[in-house]
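This report is meant for a reader who comes to the structure for the first time. Please look over the sequence and the model before reading on.

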Amino acid sequence: MATRGKLEKFLIPETIFGVGSLAEVGDAARRAGGSRALLVTDPGVLAAGWVERALSHLRAAGLACEVWSGVTPNPKDHEVGAGFDVYTERGCDVVVAVGGGSPIDAAKAISVLSGNGGHILDYEGIDTVGKPIPPMVMVPSTGGSGADVSQFCVITDTARRVKCTIAGRALVPDISVTDPSLLTTMPPELTAHTALDALSHGIEAYVSRAASFLSDGHALSAIRGVLDHLLPSLDDPSDLRARVGIARASLQAGIAFTNALLGATHAIAHQVGGYLEVPHGLLNAILLPHVMRFNAVTHPERFTGVAAAMGVETERLTPPEAAEAAIAIVQRLREKVGIPSGLARVGVRREHLPRFAESALQDAYITTNPRAVSREDVEQICLAAL
């Protein structure tokens, strides 16, 4: 009798990709069922002019629009509450985000409250959102977060100074619209941080316990894309070919990790970022080589694929050698784009480590790290990265 094999599932929103696709945002919001949109964004995206362009397309499609730009990096619980108040007071029925991971996560959280009420931290965990939420249309303006296609939302609990993950299929946006043109206005530092975030998504998704043939191709393509296009994007911010490559890598990394999940890099970065207000992509870039080396001790074979995607000729290398080659490439790329050499450079001190270790073990992503992680392991990874 045949035995039942491993079941695979694959979850993504309707996805629109291409230069000029911002023009589709109005029709997308209308097709999703909206008539009055709350457009969630931040001051930087407003200043770049993309919000006005999005508003013109939304209005041309017949939607009334309200703009809320009260989002800061690492979006806070009280900011979500403020955005929810605007959504409710203005009678909105669809949420549109134009921005990076912070506005997109805030938009998801506002949608959760709009359909379920309460306080956003009530929904920390997996599949905690029980009632339907308003339709969501996401337009990423950075090349890295992948939040526009993911089933995750990360909000900072300001009382505890930790990041809380809300997860579940309810948080998958209805429509994702990726226009690589929006990436041309990113400053160099943001370009580097977000692209390395995408790289960490691709690597962690590929080695994850939940990885599958459905996610692996997207993860490896994302890794190649970041390696091929990040430096050209920094050399010439107007290079649209490079921006398309980074946007594609970000999208594919997002598709990979929303299905395969992530690992200890993100679990630890969430704790540091929630406590010290450090950019998420920057923390992932600092931590990634150290977590890779930790995982390669027990699962080096998965890193052979990672190294091959980076252009390493792996045929004559043992899996541990391939893993070290991949780690070396990540470290060199970090140096080239000016990432600080360690956590101490961003304010982490030894006395912080027990706190980070304890809270990292509660993070949803720790469960799919390929190697089991203890509190002592987290402290040792952080010490190595210090």
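## Overall build

The structure is a predicted model, and its protein chain has 14 helices and nine strands. The radius of gyration of the protein chain is 20 Å, close to the 21 Å that the globule rule gives for 386 residues, so the chain is as compact as a globular protein of that length. Along its principal axes, the C-alpha trace spans about 60 × 60 × 45 Å. Of the 386 residues in the protein chain, 59% are buried.

## The largest pocket

The largest pocket holds about 990 Å³ of space and is lined by 47 residues, of which Gly100, Gly101, Ser102, Leu190 and Thr194 lie nearest its centre. By class, the residues of this lining divide into 22 nonpolar, 19 polar and six charged.

Several elements take part in the lining of the largest pocket, and at least two residues each are supplied by helix H2 (43-48), helix H5 (101-116), strand S7 (152-157), helix H6 (188-207), helix H9 (264-276) and helix H10 (280-296). The largest share of this lining comes from H6, which gives six residues.

## Enclosed cavities

Rolling a probe the size of a water molecule over the atoms shows where empty space is left. The structure holds two cavities of 30 Å³ or more. About 50 Å³ of space lies in the largest cavity, which is lined by Pro140, Thr142, Asp148, Thr178, Leu183, Ala247, Ser250 and Leu251. Helix H8 provides the largest share of the lining of the largest cavity, with three residues, and the lining as a whole divides into four nonpolar, three polar and one charged.

The second largest cavity contains about 30 Å³ of space, and the residues that line it are Ile203, Glu204, Val207, Thr265, Leu288, Val291, Met292, Asn295 and Phe303. Both H6 and H10 supply at least two residues of the lining of this second largest cavity, with H10 giving the most, four residues. The lining of the second largest cavity has six nonpolar, two polar and one charged residues.

## Aromatic pairs and their cluster

There are three aromatic pairs in the structure. In one of them, the rings of Phe152 and Phe257 have their centres 6.1 Å apart and their planes at 20°, so the pair is stacked. Phe152 lies in strand S7 and Phe257 in helix H8 (residues 240-260), so this pair ties together parts that are 105 residues apart in sequence. Phe152 is buried, with a relative accessible area of 6%, and Phe257, at 4% relative accessibility, counts as buried too.

Phe152 also forms an aromatic pair with Tyr365, and this one is edge-to-face, with 5.2 Å from centre to centre and 65° between the planes. Here Phe152 in strand S7 is linked to Tyr365 in the loop between helix H13 (353-360) and helix H14 (375-385), and the two residues are 213 residues apart. Tyr365 is buried, as is Phe152. Together, Phe152, Phe257 and Tyr365 form one aromatic cluster.

## Arginines over rings

Which residue lies over the face of Tyr206? Arg302 takes that place, at 4.1 Å from the ring centre. Elsewhere, Arg371 lies over the face of Phe294, at 3.9 Å from the ring centre.

Conventions. Residues are numbered from 1 along each chain as its sequence is written. This is a predicted model: local features need pLDDT of at least 70, side-chain atom pairs count only at pLDDT 80 or more; totals for chains, interfaces and linings use all residues. Side-chain values use heavy atoms; hydrogens and water are left out. On a 1 Å grid over the protein atoms alone, a cavity is a set of points where a 1.4 Å probe fits but cannot get out, and a pocket is an open set with protein on both sides within 12 Å along at least five of seven lines; lining residues have an atom within 4 Å of a point. Grid points are joined across faces, edges and corners, and a volume is the space filled by probe spheres set on the points. Ala, Val, Leu, Ile, Met, Phe, Trp, Tyr, Cys and Pro count as nonpolar, Asp, Glu, Lys and Arg as charged, and the others, Gly among them, as polar. Rings of Phe, Tyr and Trp (its six-membered ring) pair if their centres lie within 6.5 Å; planes under 30 degrees apart count as stacked, over 60 as edge-to-face and the rest as tilted. Buried means under 20% relative accessible area, exposed over 50%, partly exposed in between (1.4 Å probe, protein chains only). A charge sits over a ring if NZ of Lys or CZ of Arg is within 6 Å of the ring centre and within 35 degrees of the ring normal. The radius of gyration is taken over C-alpha atoms; the globule rule is 2.2 Å times the number of residues to the power 0.38.
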